[in-house]
Amino acid sequence: HLLRRQGAEVRFHDPYVNTLKEDGQVITSSPLTVQEIEAADCVIIATNHSRVDYALIEKHARQIVDTRNVLKRQTRNPT
């Protein structure tokens, strides 16, 4: 809500929630793809779901705000 008020384009991905209603506007969950991640200025991790590929996010995101400390718990495989 606050980001959108500042003019940000906000998208979300959630394997359990298909749509959200915010200020009367319906927002549909976006697929978690390399293209979506790379297009984002920042990825915010707000929940910890076992069905989310956090390694994909970590590899392709420009900026990450990890509010759940998920990335610290990931087993990392340096390339």
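Arg11 and Glu36 form a salt bridge in which the closest N and O atoms are 2.9 Å apart (a salt bridge being a side-chain nitrogen of Lys or Arg within 4 Å of a carboxyl oxygen of Asp or Glu). Because Arg11 lies in the loop between α1 (2-5) and β1 and Glu36 in helix α2, the pair ties together parts that are 25 residues apart in sequence. Helices (H or I, at least four residues) and strands (E, at least two) are DSSP runs, numbered from the N terminus. The model is predicted, and local features need pLDDT of at least 70, side-chain atom pairs count only at pLDDT 80 or more, and totals for chains, interfaces and linings use all residues. Residues are numbered from 1 along each chain as its sequence is written, and side-chain values use heavy atoms, with hydrogens and water left out.

The structure holds 3 salt bridges. Glu9 also pairs with Arg11 in a salt bridge, with 2.7 Å between the closest N and O atoms. With a relative accessible area of 47%, Arg11 is partly exposed, and Glu36, at 25%, is likewise partly exposed. Glu9 counts as exposed at 63% relative accessibility. In these assignments buried means under 20% relative accessible area, exposed over 50%, and partly exposed in between (1.4 Å probe, protein chains only). A further salt bridge joins Arg62 to Asp41, the closest N and O atoms being 3.6 Å apart. Arg62 lies in the loop between α3 (54-60) and β4 (64-66) and Asp41 in the loop between α2 and β3, so this pair ties together parts that are 21 residues apart in sequence. Both Arg62 and Asp41 are exposed. Through shared partners, salt bridges join Glu9, Arg11 and Glu36 into one network.

Strands β1 (residues 19-22) and β2 (residues 25-28) pair in the antiparallel sense over 4 bridges; two strands pair if DSSP finds at least two bridges between them. Thr19 has Thr28 as its bridge partner in β2. The two strands, β1 and β2, form a hairpin with 2 residues between them, and Asp23 in the turn has a positive phi of about 50°.

Ser30 is placed in the loop between β2 and α2 (34-39). This residue, Ser30, counts as buried, at 14% relative accessibility. Leaving aside neighbours within four places in sequence, Ser30 is in contact with Arg11, Phe12, His13 and Glu36, where contact means heavy atoms within 4.5 Å.

Cys42 lies in the loop between α2 and β3 (43-45) and counts as partly exposed at 36% relative accessibility. Residues up to four places away in sequence not being counted, Cys42 touches Gln63 and Val65. The C-alpha atoms of Cys42 and Val10, 32 residues apart along the chain, are separated by 9.9 Å.

Val10 and Val65 belong, with Leu3 and Ile44, to a nonpolar patch on the surface, with about 320 Å² of accessible area together. Patches are made of residues with over 30% relative accessible area and no salt bridge, like charges being joined within 9 Å and nonpolar side chains (Val, Leu, Ile, Met, Phe, Trp, Tyr) within 5 Å. Accessible areas come from the Shrake-Rupley method with a 1.4 Å probe, and for residues only the protein chains shown count as cover. Ile44 is found in strand β3 and counts as partly exposed, at 47% relative accessibility.
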